[in-house]
Structures are given as structure tokens and as C-alpha cells.
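Okay everyone, thanks for coming. Let's have a look at the structure on the screen and walk through it piece by piece.

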Amino acid sequence: MTSDLESRLAATFKAYDVRGTVPDQIDEDLAERVGGAFVAVTGAETLVVGHDMRPSSPGMARAFAAGANRAGADVVLIGLCSTDGLYFASGRLGLPGAMFTASHNPAQYNGIKMCRAHAVPIGAETGLREIRDRVAADDVPAAATPGATTEQDLLSAYADHLLALAPVTGRRLRVAVDAGNGMAGLTAPEVLGRLDLDVVAMYYDLDGSFPNHEANPIEPANLVDLQAEVLRSGADVGLAFDGDADRCFLVDERGELVDPSTLTALIATRELVKAPGAAVIHNLITSRAVPEIVEEQGGRPVRTRVGHSYIKATMAETDAVFGGEHSGHFYFRDFWRADSGMLAALHALAALAESEAPLSEVLAPYARYVASGEINSTVADAVGVTAELERTWGGRGGVSVDHLDGLSVAHADWAFNVRPSNTEPLLRLNVEGRDRATMADVRDRVLEQIRSTS
């Protein structure tokens with residue numbers, strides 16, 4: 001292996017996908033090599049490939065297909081699609097798949113998300129490391145008979161499937177939609193355009209340079225335009241999607257951001273109507289309101305570590321009907337346990353259309369606590385700081401402690417979690433309280449301790 005290829009593989013192969021800057025870290029040559037290795041590792045005879053709107057994505061998708069063809073596999077190219085559109089294709093066709101996208105990352109990035117048939121994820125422990133090693137060793141023999149590439153358009157079928165899972169009926173809504181110049185600019189007209197909605201379209205032009213704002217709605221700065229448009233247009237709700245449209249965030253009629261945990265609890269309630277008693281997955285950063293409400297609705301809450309691989313694996317183990325993360329990912333058993341921002345949006349629209357109340361009132365029963373959001377602190381010794389926090393907070397009356405993912409400390413009136421970053425010298429703090437004053441008090445005291453100890 002050349003030192004250049006070695007450094008590129010080290011830079012681009014992550015825990016869950018391949019991702020890096022174009023063209024120095026990832027380009028068509030690397031994509032072609034990965035395509036062949038993907039076939040060698042999965043044994044795929046046919047696979048499906050899609051791509052987002054980044055300028056480098058079509059060429060990389062075709063290069064990946066060429067590598068797969070050379071290894072003997074046929075390829076179905078579905079062209080422009082959202083990541084959940086690729087998952088739909090993998091599920092509907094029963095094929096392994098690859099999606100060319102860098103999700104919410106800035107314009108200079110691109111990447112590959114891969115899955116086995118029926119949208120089963122491929123991560124470092126489930127094939128991605130082996131794909132990397134095959135590329136590194138140039139261990140992909142050419143097939144005696146190369147495969148062929150065909151094209152297929154599945155956008156309409158994707159819309160049909162989502163609308164069947166979450167029908168929207170009732171009053172007519174005004175909906176502001178910020179596509180962020182990402183793939184929701186393609187999927188929103190196809191899906192929402194079939195509904196009786198007054199849609200205020202924002203940044204629908206597919207533009208991988210992201211001229212208006214980064215397509216990363218977890219950052220509040222990227223929701224400012226949507227908040228203003230909701231107020232200006234009198235919209236009932238605002239929807240914001242990330243670059244590959246697998247995440248969705250909401251803004252209510254007051255222009256206020258909706259906590260993803262609140263949407264998780266709402267969707268869980270709706271899914272439990274269809275599957276009484278089923279499990280619902282939530283990660284440990286999700287509000288305690290979620291497991292409380294799931295239990296009240298007769299469901300079984302199951303807590304996991306942060307990360308989609310843990311969510312999807314636990315969903316499969318428990319046959320959970322739904323799973324939600326604080327990061328705006330929502331997973332559905334009826335969608336091959338994959339995440340879909342558009343399906344989450346349809347559930348929110350359906351709940352709102354069925355009620356005459358404004359969104360803030362519809363969601364009020366699901367928003368029981370006040371959250372700090374994630375706060376990062378640079379620390380030299382994450383293990384030492386975490387141990388000191390446990391000594392300070394863990395021995396108090398009425399407090400419980402666990403180590404599922406970092407340190408979680410819980411009290412009847414408040415809770416917090418600190419987790420080390422996997423890639424940076426950071427501690428990530430999330431705090432929740434029964435009211436804002438309680439949350440702020442705990443947040444400030446924990447932060448002071450983290451930053452004075454580090």
C-alpha cells in the first residue's frame with residue numbers, strides 16, 4: 001500500500017461511514033476501489049447506488065458502480081436521492097446499497113454511507129473495516145464476467161411508501177420548509193406536494209455549495225431563517241432538513257425550536273397505537289420524558305448508547321417499533337429500522353392536522369423538562385475529570401449513577417450526562433431539569449467543576 005493511499009484510508013474510514021475532503025482525501029479513484037471491495041465483502045450480486053447534490057457525487061457514484069461491475073456485481077443507479085431514499089431502495093429491492101453524501105458537512109466534503117440488504121447498516125465492526133483492508137491490500141480480483149449498470153427512478157415509490165405509513169388528514173396547514181439547498185429540495189416537493197398543504201419553500205435549489213447556510217439544523221444559527229419565515233408567513237410549523245435529508249428539526253408557530261426529544265415522544269405515542277406494548281428505543285441523552293411517556297402509553301422503553309449503530313442494533317434485538325435520538329434521527333420499524341427525516345415530519349404534520357390547537361399546545365404534553373443542549377469543554381484528562389464529577393455528585397441522597405456511555409447522574413428533579421468525544425479532547429455535557437432554574441443551576445455547577453478541573 002502506498003503511503004498516500006494509507007493516509008487517505010486512515011483519514012476517511014470512520015466508525016459508520018467513509019467521509020473526507022474532495023479531492024485530497026476522497027475522489028473517484030478511491031470510490032472505485034471501495035466499490036470493488038464492497039462487493040468482495042458483502043458478496044453482493046446486485047446493489048443499489050444513489051447520490052446527493054454535491055458536485056463530486058455523480059462522478060463518485062458512477063466510479064463506485066464501475067468498481068462493483070469489475071468485481072462482478074450488477075448495479076442499479078437511482079441517481080439523486082436523500083439518504084432515506086437510498087434506504088428505501090435497499091429495503092424495497094432487497095439489495096445492499098451505497099449512498100454518496102457527506103450529510104451535514106460543509107461543501108468541501110463528500111463520503112459514502114453503506115448498508116446491506118434491507119438497509120442493515122455497515123459500520124466498522126460489521127464490514128467497514130474489512131472493506132478498508134481490502135482496499136489497502138488491493139485484494140479485489142476482477143470477475144471473469146463483469147456486471148452491468150442500469151438506472152431506475154424510485155422517487156415516486158419512495159413518496160408512496162412514506163405517505164402510506166403516516167397519512168396526513170384534517171385541517172389545511174401552512175408549512176415553511178427549509179431544505180438548506182440539500183436533498184429535501186427534491187424530496188419535499190414529491191412528498192409534501194401530494195398533500196393539501198400551503199408550503200412556503202425555502203432554499204429548495206439543489207446546491208452543494210450551500211450558499212444560504214450550512215445544512216446542519218442541529219446548530220441553532222442554521223435555523224434562524226426558518227424561525228423568521230415562520231413568523232413572517234404565519235406558518236403553523238417549520239421543517240428543517242440536513243443536507244442528505246435523513247434528519248428533521250421543527251420550529252413551532254411562535255418561532256421556537258422544538259426539542260427532538262419532544263418529537264420523539266410524540267411519534268412514539270403514535271407508533272404505539274399501531275403496535276401496543278412494543279419497545280421504543282431512546283438514547284441516554286434523550287429527555288426522561290420519553291421513557292416516562294412510553295411507559296404511560298403501555299410501551300417498553302429501551303435505553304441505548306448514543307449512535308445510530310447502537311439504535312439500529314437494539315431495535316433489531318427488541319423488535320422495537322420506533323427509535324429516536326436527540327440529534328434529530330428517527331428510526332422506524334416499518335422503514336426497515338432506518339432513519340427518515342421526512343417520515344418524522346409527516347408524523348408531526350399528521351398530529352397537527354388532526355388537532356385544532358397550535359403546534360406548541362399539541363407538543364406541550366410531551367415537553368416535561370428543560371434541556372441545556374450539548375455543551376462541549378476542552379479537557380486534557382477526560383477520565384480524571386469524569387471521576388471527580390462522580391465523586392462530587394454520585395454520593396448525594398436520591399442520586400443514581402450509571403456508566404452506559406460516559407457518566408450519567410440522575411435525580412428526581414434533574415439529570416446530567418458527560419461523555420468524552422471519540423475524536424477530540426472534549427467532554428460533552430447534557431443537563432436536564434424539571435424547570436429552567438434547576439437545569440441552569442446544575443449546568444453551571446457541573447460546568448464550573450469541569451473547567452476548573454481540566
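The crossing of helices α6 and α12 is right-handed. Before I go on, keep in mind that this is a predicted model. For α6, residues 155-165, and α12, residues 341-353, the angle is about 40° and the axes are 9 Å apart.

Which residues meet there? On the α6 side we have Tyr158, Leu162, Leu163 and Leu165, and on the α12 side Met342, Leu343 and Leu346. If you sort that contact by class, you get seven nonpolar residues, no polar ones and no charged ones.

Helix α2 covers residues 28-42, helix α3 covers 57-70, and they pack at about 40° with their axes 7 Å apart. The crossing of α2 and α3 is right-handed.

Here's who makes that contact. From α2 it's Glu28, Ala31, Glu32, Val34, Gly35, Gly36, Phe38 and Val39, and from α3 it's Gly59, Met60, Ala63, Phe64, Ala66, Gly67, Ala68 and Arg70. By class, the contact of α2 with α3 has nine nonpolar, four polar and three charged residues.

**On to a sheet**

Strands of a sheet pair through backbone hydrogen bonds, either parallel or antiparallel. Here, four strands make an open sheet, in the order β9-β8-β10-β11, with mixed pairing. At the edges sit β9 (197-202) and β11 (248-251), each pairing on one side only. On average, neighbouring strands of this sheet are turned by 25° against each other, ignoring direction.

Let's zoom in on β8 and β10. How many bridges join them? Four, between β8 at residues 173-178 and β10 at residues 237-241, and the two strands run parallel.

**A few loop residues**

Take alanine 107, in the loop between β4 (97-100) and β5 (109-116). Is alanine 107 buried, exposed or partly exposed? Its relative accessible area is 34%, so it counts as partly exposed. Alanine 107 and phenylalanine 210 are 103 residues apart in sequence, yet their C-alpha atoms are 6.7 Å apart in space. Leaving out residues up to four places away in sequence, alanine 107 touches Arg54, Gly208, Ser209 and Phe210.

Most residues other than glycine have a negative phi, and most peptide bonds are trans. With that in mind, look at the bond from valine 22 to proline 23: it's cis, with omega near 0°. Proline 23 is in the loop between β1 (18-21) and α2.

Then there's alanine 119, whose phi is positive, near 65°. You'll find alanine 119 in the loop between β5 and β6 (120-121), and its relative accessibility is 2%, so it counts as buried.

Asparagine 181 also has a positive phi, about 60°, although it is not a glycine. Asparagine 181 is in the loop between β8 and α7 (184-192), and at 2% relative accessibility it counts as buried.

Terms used. Residues numbered from 1 in each chain as written. Predicted model: local features only at pLDDT ≥ 70, side-chain atom pairs only at ≥ 80, totals over all residues. Heavy atoms only, no water. Pairing = 2+ DSSP bridges. Axes fitted to C-alpha atoms, helices over the stretch in contact; angles between N-to-C directions. Left-handed = near helix turned anticlockwise from the far one by under 90°. Contact = heavy atoms within 4.5 Å. Nonpolar A, V, L, I, M, F, W, Y, C, P; charged D, E, K, R; others polar. Buried < 20%, exposed > 50% of the residue type's maximum accessible area, 1.4 Å probe, protein only.
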